[in-house]
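Student: Could you walk me through this structure? I'd like to start with the overall picture and then go into a few local details.

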Amino acid sequence: LAALPPQPMSRVAQFRTDLEKLKSQALKGGGEKRIEAQHAKGKLTARERLEILLDEGSMIEFDQLLEHRCVEFGMEKTKFPGDSVVTGHGTINGRPVFFFSQDFTVLGGSLSEAHSLKIQKIMDKAMQLGVPVIGLNDSGGARIQEGVDSLGGYAEIFQRNVLASGVVPQISVILGPCAGGAVYSPALTDFIIMVEETSHLFITGPQVVKTVTHEEVTADELGGAGTHTKLSGVAHLAAENELEALLSTRRLFQYLPLSNKEQPPRRYTTDSRWRQDDSLSRIVPEDPNAPYDMHEIIYKLVDDYDFYEVMPNYAQNIIAGFGRLEGRTVGIIANQPKHLAGCLDINASGKAGRFVRFCDSFNIPIITLVDVPGFLPGVSQEHNGIIRHGAKLLYAYAEATVPKLTVITRKAYGGAYDVMASKHLRGDINLAWPNSEIAVMGAPGAVNIIFRGRSKEELEVEVENYSRLFANPLTAARRGFIDDVIEPPTTRTRLCQELDSLMNKQLSNPPKKHGNIPL
């Protein structure tokens with residue numbers, strides 16, 4: 001028999017073949033050469049990052065075939081299925097999350113109208129379903145060929161960042177460049193994690209800075225991870241590499257509830273509430289002016305000595321982070337006597353205030369460990385607005401309605417005593433260690449004002465009298481400002497017991513559109 005001519009493929013079969021090619025192309029991003037260039041920079045691709053972030057096999061992708069619609073400047077000839085971002089949802093340790101991962105191998109990860117629409121979709125779904133959003137940022141900025149469509153795309157994302165704020169947790173991981181208007185999306189999210197040397201955040205790059213101000217600066221000096229985690233306070237954490245950044249993101253995610261309508265996850269632990277550590281009695285020095293490391297106290301109080309600190313290199317005179325007590329997530333704010341004697345200053349107030357507001361937004365109880373001699377004095381602090389910035393922390397604590405538990409470990413002086421979750425700011429449980437001092441100021445300073453003009457010998461006697469009266473928590477306890485004076489080793493047990501009693505706390509603020517926090 002003569003060979004039959006090949007039969008044409010059916011329409012559906014041909015479609016399936018074409019579809020398979022498109023999907024295969026989408027998985028390759030900008031192609032092998034660009035992937036190699038990405039790897040040569042020590043960077044992973046958008047999809048490789050998601051393989052680390054998400055549970056294996058959990059990723060479900062949206063809009064894999066979506067393409068841009070730009071026809072100017074020959075862009076109709078340059079199209080990639082899925083454009084320059086990968087979006088969808090998956091799970092982290094079994095809990096749902098929506099994600100976007102910008103793909104630098106496709107047109108430099110530039111944001112087009114299509115790119116923006118993909119991100120808008122997953123953010124809308126996240127708010128509807130009450131699921132967190134994690135964004136992996138690696139983009140050269142706006143797609144210039146699209147002009148105002150690209151700028152509008154950014155604004156649509158910003159609007160959703162604002163609407164989602166306090167509704168679902170938002171985490172930004174900066175894994176490459178993020179410049180110009182693009183920086184404001186991460187800035188509006190709850191946490192920013194950067195990678196040393198490879199990630200950068202800035203409004204204007206080094207070349208623009210040089211042209212306008214004649215300052216010469218490298219990209220890393222201008223907007224690198226070190227700059228933003230130590231100097232500006234824009235970012236919360238810096239990782240040595242992408243793997244560390246993504247694993248840190250997974251760890252952070254485990255402390256957070258899915259939305260403002262849920263309680264934080266509770267993890268099984270074998271660490272008993274009855275565990276008592278006698279070394280807690282020896283951490284605080286007898287000399288009231290001697291420094292010590294508040295981290296030592298925190299690690300001994302939380303479950304399994306596990307504490308996730310945020311912004312550890314910025315405003316180091318205050319500590320902020322997450323821990324657990326009997327498996328429950330708690331936010332911890334603590335003065336750090338090792339730095340500036342634990343004084344509150346402009347940067348510390350902003351750092352702690354924002355963390356308090358995050359915890360309050362997402363039903364996370366707040367533990368406050370107090371050793372504060374007051375607000376940091378100085379011309380620079382006053383001229384740069386310590387009054388306004390300090391009021392941010394005051395406002396945050398006063399507004400918070402979640403359970404608030406406070407332990408004074410040594411000093412609580414002046415207005416800083418009031419600000420640090422005092423009973424007067426609706427503190428639920430306020431405890432003090434026996435060596436604590438609650439007063440307007442230290443004994444020598446107070447005596448020099450009250451007994452001005454007295455002899456040195458008389459002042460020494462009055463200092464002793466003042467210390468006997470106020471260098472202890474008794475007066476505050478007699479007035480009900482302190483609920484109990486406890487021995488340091490019993491602190492973990494007491495906090496766990498009090499958390500139990502506060503789990504059904506009901507408290508709301510007066511009806512209003514929103515307050516006017518002193519920004």
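This is a predicted model: local features need pLDDT of at least 70, side-chain atom pairs count only at pLDDT 80 or more; totals for chains, interfaces and linings use all residues.

Student: Which way does S2 run relative to S1 and to S3?

Tutor: Strand S2 is antiparallel to strand S1 (residues 60–62), with three bridges joining them, and S2 also pairs with S3 in the antiparallel sense, over eight bridges; two strands pair if DSSP finds at least two bridges between them. Glu61 has Gly88 in S2 as its bridge partner, and Gly90 stands opposite Val97 in S3.

Student: And what sits between S2 and S3?

Tutor: The two strands form a hairpin with two residues between them, and Asn93 in the turn has a positive phi of about 50 degrees. Strand S2 (residues 85–92) has six of its eight residues buried, so it is largely enclosed by the rest of the structure.

Student: Changing topic, where is Ser139, and is it buried or exposed?

Tutor: Ser139 lies in the loop between strand S4 (133–137) and H5, and it is buried, with a relative accessible area of 4%.

Student: What does its side chain reach?

Tutor: A polar atom of the Ser139 side chain lies 2.7 Å from the backbone oxygen of Gly109, and the backbone nitrogen of Gly141 lies 3.0 Å from a polar atom of that side chain.

Student: What about Leu175, where does that one sit?

Tutor: Leu175 is in the loop between strand S5 (170–174) and S6, where it is buried with a relative accessible area of 0%. Leu175 and Asp138 are 37 residues apart in sequence, yet their C-alpha atoms are 5.4 Å apart in space.

Student: How many disulfides turn up?

Tutor: Zero are found in a search of the whole structure, a disulfide being a pair of cysteine sulfur atoms within 2.5 Å. Cys70 counts as buried at 6% relative accessibility, and Cys343 counts as buried at 11%.

Student: Last one, how many cavities are there?

Tutor: The search of the whole structure finds four cavities of 30 Å³ or more, a cavity being a set of points, on a 1 Å grid over the protein atoms alone, where a 1.4 Å probe fits but cannot get out. The largest cavity holds about 100 Å³ of space, a volume being the space filled by probe spheres set on the points, which are joined across faces, edges and corners.

Student: Which residues lie nearest the centre of the largest cavity?

Tutor: Those are Gln102, Leu111, Asn137, Tyr154 and Ala182, out of 13 lining residues, where lining means having an atom within 4 Å of a point. Strand S3 (95–102), helix H5 (148–164), strand S6 (177–179) and helix H6 (184–188) are the elements that give two or more residues to this lining.

Notes
Residues are numbered from 1 along each chain as its sequence is written. Side-chain values use heavy atoms; hydrogens and water are left out. On a 1 Å grid over the protein atoms alone, a cavity is a set of points where a 1.4 Å probe fits but cannot get out, and a pocket is an open set with protein on both sides within 12 Å along at least five of seven lines; lining residues have an atom within 4 Å of a point. Helices (H or I, at least four residues) and strands (E, at least two) are DSSP runs, numbered from the N terminus. Buried means under 20% relative accessible area, exposed over 50%, partly exposed in between (1.4 Å probe, protein chains only). A polar contact is a pair of N or O atoms within 3.5 Å; within protein, one must be able to donate a hydrogen and the other to accept it, and residues adjacent in sequence count only if both atoms are side-chain atoms.
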